[in-house]
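Visitor: Could you show me the structure, please? I would like to ask a few things about it.

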Amino acid sequence: MKALLPRIEISLSQIRHNARILSEIYGKKGISLMGVTKATLGEPAIAKAMIQGGVKFIADSRLENIQKMKNAGISTQFVLLRTALSQAEAIIRNVDISLNTELKTVRELSRYAKIYHRIHQIIIMVEMGDLREGILPCDLSQFIKEVLGLPNIKIIGIGCNLACYGGIKPDAEKMGELSQLADAMEQEFSIHLEIISGGNSANYEWSESTPQVGRINNLRLGESILLGCETLNRKAIPGLYTSAFKLIAEAIESKEKPSLPFGEICQNAFGIVPTFRDRGIHRRVIIALGRQDILISGLSPNSNLEILGSSSDHVVLDSHNDACEVGSEVKFNLDYGGLLSAMTSPFITKQFIGISQIVAA
Ligand SMILES: *Cc1c(COP(=O)(O)O)cnc(C)c1O
């Protein structure tokens with residue numbers, strides 16, 4: 001049987017390898033890992049590969065993804081990265097640990113935790129300058145004071161998230177600040193904060209360059225496990241695979257044509273009046289893949305091909321005169337945006353490779 005197109009080929013053994021190397025690198029510094037599965041739509045096989053590679057927790061931003069992994073029989077500690085008030089009941093029923101920044105939400109979690117006779121664990125996120133989620137450091141003490149008064153909620157740690165919204169670098173200063181906050185809160189309230197979660201895949205450079213990680217003993221890693229890179233400059237991390245995911249689609253037209261459209265130029269399908277560079281007559285290849293399938297800017301062709309543009313259902317390539325025959329398969333590497341959209345697309349088939357090694361392990 002011919003393999004389905006378009007498809008994403010996923011090497012589970014490479015993902016497991018990446019998780020293993022990262023667990024070793026960070027483990028040497030006393031840092032445990034949460035494997036973040038959100039970019040894979042909570043794919044159970046990928047969570048399993050991460051766990052086999054040594055991650056201690058599986059974290060996802062979507063409750064639905066966590067439910068999917070649990071239903072598939074994945075058994076580990078699940079962490080919810082994005083906590084919504086309206087989901088409090090489902091969170092209590094499905095998740096062990098959630099990240100929190102709002103008292104109103106924690107109160108609701110406490111209420112349901114009591115009803116279901118559960119102790120729900122929370123990590124309180126602190127705002128360190130990136131301006132996405134977090135409680136300002138000056139408000140942390142009051143927040144903890146109030147949470148300590150709530151039944152069935154256990155504060156197990158604090159954390160921060162950088163380099164996501166504001167592009168702020170997790171450096172020695174920021175990590176030192178988080179460490180100090182942990183010490184100060186423990187002293188003030190005579191509590192022990194077990195997890196100090198310093199960030200995500202952007203923390204690699206900090207961890208490599210710092211002789212002392214301070215109190216930081218956890219990171220939440222998605223992209224470095226999946227794509228093998230850090231995320232401040234998207235540099236490959238030595239020893240990791242950077243193309244565990246490959247997108248493969250079909251060439252459906254391959255013709256020599258002019259490179260300039262002919263006729264009067266108006267708006268294209270997306271409301272833009274396009275401009276073009278004259279490359280003379282060249283071979284143009286059309287791929288059966290479009291904006292309805294994937295974020296086109298997240299694709300990079302493996303070979304000599306160059307992406308010229310795209311519409312809802314087509315990508316147009318300059319083949320640089322490679323004979324790219326109709327019906328042939330064209331391979332692309334993916335960045336994080338490409339991966340996220342490919343894994344979420346109902347049109348792209350997921351094909352696991354290296355699976356026998358995962359099952360046997
Ligand atoms: C997505 C996310 C992560 C993982 O980020 P990567 O850059 O993929 O490592 C970590 N923490 C939080 C709160 C997230 O939302």
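Visitor: Is the crossing of α1 and α2 right-handed or left-handed?
Guide: The crossing of α1 and α2 is right-handed, meaning that the near helix is turned clockwise from the far one by less than a right angle. Helices here are DSSP runs of H or I with at least four residues, strands are E runs of at least two, and both are numbered from the N terminus. Please note that this is a predicted model, in which local features need pLDDT of at least 70, side-chain atom pairs count only at pLDDT 80 or more, and totals for chains, interfaces and linings use all residues. Residues are numbered from 1 along each chain as its sequence is written, and side-chain values use heavy atoms, with hydrogens and water left out.

Visitor: At what angle do α1 and α2 pack?
Guide: Helix α1 (residues 12-27) and helix α2 (residues 44-53) pack at about 35°, and their axes are 7 Å apart. Axes are lines fitted to C-alpha atoms over the stretch in contact, and angles run from 0 to 180 degrees between N-to-C directions.

Visitor: Which residues of α1 meet α2?
Guide: Leu12, Ile15, Arg16, Ala19, Arg20 and Ser23 do, and among their partners in α2 are Ala45, Ile46 and Met50; contact means heavy atoms within 4.5 Å.

Visitor: Now the ligand. How many residues surround it?
Guide: There are 13 residues around the ligand, and Lys38 and Ser201 are among the closest; a residue counts if one of its heavy atoms lies within 4 Å.

Visitor: Where is the polar side-chain atom of lysine 38?
Guide: That atom of lysine 38 lies 2.7 Å from a ligand oxygen atom. For arginine 132, a polar side-chain atom is 3.1 Å from an oxygen atom of the ligand.

Visitor: Which peptide bond is cis?
Guide: The bond from leucine 5 to proline 6 is cis, with omega near -10°. Proline 6 is in the segment before β1 (7-11).

Conventions
Polar contact = N/O pair within 3.5 Å; in protein donor to acceptor, adjacent residues only side chain to side chain.
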